[in-house]
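Here are a few notes from going through this one, written for someone who has the structure open alongside.

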Amino acid sequence: MLTYNYYGHACFMLDDGKNKILFDPFLTGNPQASIKEKDVQADYILITHAHGDHVGDAASIAVRTGATCIGIPEVTDFGGQNVKTIGMNLGGTVKTDFGFVRMVPALHSAGVPGGVACGYVVGVGGKVIYFAGDTSLFSDMKLIGERDKIDYAILPIGGHYTMDPIDAAKAVELLGAANVIPLHYNTWDVIKQNPEDLVKLVKGATVHIVKPGQSIEL
Ligand code: NI
Ligand code: MN
């Protein structure tokens, strides 16, 4: 059993019943946040890049929970704070207690000098999940889908800083994903979107619209 818990913007937690894997934990200052930084649980924290709406509360959550942060070294450099980290880079795969984490490219700025933005392919609970992070559409998404059969693609659709629903629908086609969960929209007016537009545009995959605070079984 694998649960997707959505906390708003680009923050969610996957729970396989043993491991809680938190992604891009921007909660403090997040208008959509459905949980407080002091209440969120994590065994691992995966960070896609150093923009504030992604790295967010990672350091304080890691210090409180003892969770291990995974990311590009430049992004997970928390300036001497007592945070366990696994530094990796694009193309790398790390075996974990729950399965594996593969770091894949994203086309976006890093938010920190010397870093790059990334996405993740995660094997957990018998499923393969692709989280794109912040990115534009790029044709190498096809290669990501060729290496692993993606059960769920978690994609930004807000536009302005990332893909919009039109490009996200093309990404689903390139990835060959069976299911799609949109995020990174309607947090602020600048990324206002109707997720039903994605439902209309996606062919051959199921779109799951999950609201902040909701959980679904994957
Ligand atoms: Ni960003
Ligand atoms: Mn962002």
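**Notes on the metal site and the cores**

1. Start with the nickel ion (ligand 1): its protein donors are H49 (NE2), H51 (ND1), H108 (NE2) and D134 (OD), which sit 2.2 to 2.3 Å from the metal. Keep in mind that this is a predicted model.

2. The 4 donor atoms around the nickel ion (ligand 1) make angles of 88 to 176°, and the site comes out as irregular. For a tetrahedral label, all angles would have to lie between 85 and 135 degrees.

3. Along the sequence, the donor residues of the nickel ion (ligand 1) follow the spacing H-x1-H-x56-H-x25-D. H108 and D134 are 26 residues apart and link distant parts of the chain. H108 is in the loop between β8 (99-105) and β9 (118-124), while D134 is in the loop between β10 (127-131) and α3 (141-147).

4. Is D134 buried or exposed? D134 counts as buried because its relative accessible area is 2%, and the cut-off is under 20%. H108, at 22%, is partly exposed.

5. Now the cores. The largest nonpolar core has 49 residues, and the members touching the most others are Y4, F12, L14, L22, I45 and L46. Leaving aside residues up to four places away in sequence, F12 touches Y4, N5, Y6, Y7, I21, L22, F23, F131, I154 and L183. There is also a second, separate core of 26 residues, with I144, L155, V180 and V207 among them.

Technical notes. Residues numbered from 1 in each chain as written. Chains lettered and ligands numbered in written order. Predicted model: local features only at pLDDT ≥ 70, side-chain atom pairs only at ≥ 80, totals over all residues. Heavy atoms only, no water. Core = buried A, V, L, I, M, F, W, Y, C linked by side-chain atoms within 4.5 Å. Buried < 20%, exposed > 50% of the residue type's maximum accessible area, 1.4 Å probe, protein only. Contact = heavy atoms within 4.5 Å. Donors = N, O, S within 2.8 Å, 3.2 Å for Na, K, Ca; no water. Tetrahedral: all angles 85-135°; square planar, octahedral: opposite > 155°, others 65-115°. Helix = DSSP H or I, 4+ residues; strand = E, 2+ residues; numbered from the N terminus.
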